[in-house]
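Here is a friendly walk through how parts of this fold pack together. Please have the model open as you read.

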Amino acid sequence: GIGWGRTVYETLNYFKPTGKLFITVVPLIGGIGQMAADFQVNEVARKFAEKTGGIFIPFHAPALVDNEKIVKTLFSDKNVEKVAKLWEKVNIAIVGIGGPLSNSSYVPVSYYSDADIAFLKKERQVGDILSHFLREDGKLCSPLLSKKVVGISLEQLKKIERVIAVAGSLRKKEAILAALKRRYIDVLVTDENVAEEILKS
């Protein structure tokens, strides 16, 4: 299972397997419009499958929609449903961890309404995994917002045998700690500065 983000994208760019792995690679979330390649999750998954000699299963759906009803409609489509069923069989996931949502965030705040942003700030969100925003204690800031995400849920993610998170920069420290507290991830690949700060916590 493959997530999105700059660090995931760069990690896979540098990934050089020594042999063919013959795996099935599937996105864990939909895509975002005209964003950079880092958030074109189908392309990231396709490249990973190509490098490993694996099979790529595309996920043709937007990552974020206006309401839960649209999410349910999308998942009723046989092609989207096919991918969702594959999530139950994923045994390794590679995901990024986003920092606090702000005007300088890599994902434009325009993907969220003013009310959503105000609510997330009020709830003191520290970052996200696959657009599921977390509080400092690792709990979801807004289950309602998460229901607008066309992708794997955090509870489903926790059931995966090994979830590898690749995330760096001190800006993401609290988000990384939140993910660790709730055990959403099993393996963390990060930079030395973040690692030292986390060990102090």
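## A pair of helices

Helix 1 and helix 2 are roughly parallel to each other, because their angle falls in that class (under 35 degrees is roughly parallel, over 145 roughly antiparallel, 65 to 115 roughly perpendicular and the rest oblique). The axes of helix 1 (residues 6-14) and helix 2 (residues 41-52) cross at roughly 20° and come within 10 Å. Axes are lines fitted to C-alpha atoms over the stretch in contact, with angles from 0 to 180 degrees between N-to-C directions; helices are DSSP runs (H or I, at least four residues) and strands are E runs of at least two, numbered from the N terminus.

Helix 1 brings Val-8, Tyr-9, Leu-12, Asn-13 and Tyr-14 to the contact (heavy atoms within 4.5 Å), and helix 2 brings Val-44, Lys-47, Phe-48 and Lys-51.

## About the model

This is a predicted model, where local features need pLDDT of at least 70 and side-chain atom pairs count only at pLDDT 80 or more, while totals for chains, interfaces and linings use all residues. Residues are numbered from 1 along each chain as its sequence is written, and side-chain values use heavy atoms, leaving out hydrogens and water.

## The nonpolar cores

A nonpolar core is a set of buried (under 20% relative accessible area, 1.4 Å probe, protein chains only) Ala, Val, Leu, Ile, Met, Phe, Trp, Tyr and Cys residues joined through side-chain atoms within 4.5 Å. The largest has 42 residues, and Trp-87, Ile-97 and Ile-129 are among those with the most contacts inside it. Helix 8 gives the most to this core, with five residues.

Another core, of 11 residues, lies apart from it and includes Val-25, Ala-45, Ala-49 and Val-166.

Notes: Buried means under 20% relative accessible area, exposed over 50%, partly exposed in between (1.4 Å probe, protein chains only).
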